[in-house]
Amino acid sequence: MTLREGLWVSSGWRLRLRLRTIFPKTMIVLASFFIGLLTAVAGAFATGLVAAGCVEWYRIPSREGGSGYFVVFLGLLGGIVGFILGCFSGGVMEADSGAGFGKGLLAAMVIVLALNGTAAIIARLLADIPPVIDGEDLFLIVEFRMPGEDQAPPVIEGGGASVMLGSIPRGSHTVRKHERGPIWLDEAKFIDGHWVIRGAVGIFTRRGKRMISATVGEKINEGFILPLPARPGKKFLEWSDRLPRRRKDGTPPMNRLSYRFRVQRWSTPMKTETVGPFEIDTITRQFFYDEYKGSPCITSRDTFRIRHRGRRFAIDVKADEQGEIAEHKDEFVFVATLPSESPALLVQIRKYSGSNGFYLLHESAERPITEFVADGYDLATFPEVEAAAPPAGPVYTRSPDRGVLLAGWYLLGRTGMLNTRTLAVHRFAAIPMTYDSSSTQPLSLSPDERSFVRILEAMAESGKSTTVLAVTDFVADRSYLLPIDRARMRFSRIGEVNAAWVDHHFTWKRDEHGIDQFVERADFQPLPYRGEFRPAFAGRQEYRLDLVGEDMRTAVESMLIEHFKAERQPDATDYEHLFKLDGQQVSVCCGSEFAYVSVTFDPGVDEAVGKSFAELFDAELATGKYDSLFHV
């Protein structure tokens with residue numbers, strides 16, 4: 001070190017000592033602040049890594065950004081805690097000196113890493129981590145054998161049909177957590193004097209002992225301790241022996257059911273169906289609870305693979321009109337069997353562009369024929385067919401992505417029609433400056449079966465939208481719009497428009513070319529106004545009238561008071577008037593800006609009361625006494 005350098009260092013130390021003498025607290029505070037900033041960055045990063053691990057371990061869904069928000073929130077929290085620890089550590093270590101700054105930063109970092117490491121270990125130990133084979137999640141496939149005296153096919157008599165897999169902590173006899181999967185009674189087989197039924201459920205954890213139970217209606221409900229290790233190896237891909245075994249003294253077990261099991265990778269088909277020359281493999285990724293027509297059910301998230309005469313089938317997706325192939329798709333998100341004379345399938349793929357496409361698949365001269373129908377996500381049938389009622393019991397299975405279409409015409413997306421009987425395909429252009437309203441379901445099909453009607457919203461040059469009926473001749477690829485006369489047809493909301501409403505106001509008339517045209521009836525009688533009753537809207541009953549104002553609210557309130565003995569309460573606001581009915585609250589709202597009146601009954605009000613009110617007021621509307629209160 002030169003003399004100049006020595007003097008420079010010496011003067012620096014003298015200045016530092018003088019500053020420490022003058023501003024002792026300020027130096028410590030500034031140093032602690034910088035330690036806090038550095039520790040905050042480390043804390044946010046470390047906590048974010050732990051949160052990302054928790055997303056995977058606890059399977060936090062990404063729907064609506066849930067997993068992302070979780071990671072960001074915990075990362076911010078880790079940063080705040082790190083900053084506080086850094087500042088505290090700097091103050092304790094008197095970080096105004098170089099040694100103190102280093103010690104303070106090291107202590108804060110060690111504490112942050114120790115806390116995050118401990119949290120990660122605890123979170124990992126408490127998480128339900130599913131076992132894997134070759135990196136794939138697993139399903140448990142169970143085959144139950146019914147007792148020999150049960151000669152009748154198994155059916156559901158109340159209850160449901162499901163298999164449950166539960167986790168029991170070591171040293172406990174209580175199921176900590178469980179998941180359910182389906183038992184497919186429609187696949188029951190009669191083998192060697194016994195009915196055999198098959199079920200499946202996802203293996204969701206490595207923790208604890210495993211137990212399974214089979215539930216078939218109210219008649220069968222038996223459970224077993226499952227000899228499945230935490231990390232089953234490939235030998236468990238094969239069927240186990242029939243369990244439970246006989247006791248050591250040779251006596252049979254007390255259980256009525258016996259079973260065998262195996263595990264299965266999720267990429268292995270859950271089931272395979274044969275339709276003519278086609279084989280359809282169902283690849284199930286997950287079973288989950290759903291609801292169908294008010295009944296709970298177990299459904300599945302599926303994709304499909306298809307083989308034609310034993311060979312894997314794929315669709316060549318074209319990128320442009322020149323016919324260049326963009327990709328080969330051999331995985332299908334929807335498959336339906338068609339009721340045509342020759343075996344045929346309607347399939348849907350997710351294309352490279354992000355859209356979905358419908359394709360018709362059939363055979364000619366033992367060769368697979370693929371025909372593009374339309375892009376889109378929805379399909380609707382005409383005539384509309386009421387879906388079959390769910391099987392009895394609260395738990396059953398259905399696959400919304402594997403259908404059996406009925407005979408008739410189907411509208412696919414907005415630009416394709418398919419006749420499931422003849423396999424006729426018609427593609428047509430979308431109507432410009434229109435968009436779907438509440439439903440894409442066709443409302444009428446012409447007698448010559450070449451045109452259909454649906455309700456759309458048409459955009460005017462002013463930017464305002466108008467509800468119209470759109471008629472498409474899908475054979476000639478020609479469309480035209482019919483306006484709805486709101487005053488004469490007493491149209492107040494889209495929900496009123498159904499097939500009966502359309503048939504009342506319009507009809508098909510054959511022109512000079514022998515083609516059916518859709519026209520307004522000249523002699524229709526106006527239908528009475530009606531309100532819309534929602535039996536369980538957001539937990540409450542609601543009766544709503546559109547295109548009305550304060551005068552209609554007065555009439556509604558009069559009926560509540562006179563016929564139902566409701567007691568008026570102090571008004572909450574000009575918008576909402578409150579009443580008491582059998583101790584429960586009823587609110588009558590009038591949105592003048594949007595021209596509606598709604599009557600909302602709290603959940604405590606008997607549903608029969610709300611329904612009775614709707615029927616009585618609709619009867620009053622039918623007399624015509626309130627017609628002048630509708631502003632059409």
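Strands are DSSP runs of E, at least two residues long, and helices are runs of H or I of at least four, numbered from the N terminus. The model is predicted: local features need pLDDT of at least 70, side-chain atom pairs count only at pLDDT 80 or more, and totals for chains, interfaces and linings use all residues. Residue numbers start from 1 along each chain as its sequence is written.

**View A. Asp192 sits in the loop between strands E4 and E5.** Strand E4 covers 177-191 and strand E5 covers 194-202. Asp192 is not a glycine, yet its phi is positive, about 50°. Most residues other than glycine have a negative phi. Asp192 counts as exposed at 73% relative accessibility (exposed is over 50% relative accessible area, buried under 20%, partly exposed in between; 1.4 Å probe, protein chains only).

**View B. Glu449 lies in the loop between strands E26 and E27.** These strands span 444-445 and 451-459. Glu449, not a glycine, has a positive phi of about 55°. Its relative accessible area is 32%, so Glu449 is partly exposed.

**View C. A cis peptide bond links Leu243 to Pro244.** Its omega is near -10°. Pro244 belongs to the loop between strand E7 (220-226) and strand E8 (258-265). Most peptide bonds are trans.

**View D. An open sheet of 4 strands runs in the order E19-E22-E23-E24.** Its pairing is antiparallel (two strands pair if DSSP finds at least two bridges between them). Strand E19 (379-382) and strand E24 (425-427) are the edge strands, each pairing on one side only.

**View E. Antiparallel strands E19 and E22 are joined by 4 bridges.** Strand E22 holds residues 409-412. Leu411 in E22 is the bridge partner of Ala380.

Technical notes. Side-chain values use heavy atoms; hydrogens and water are left out.
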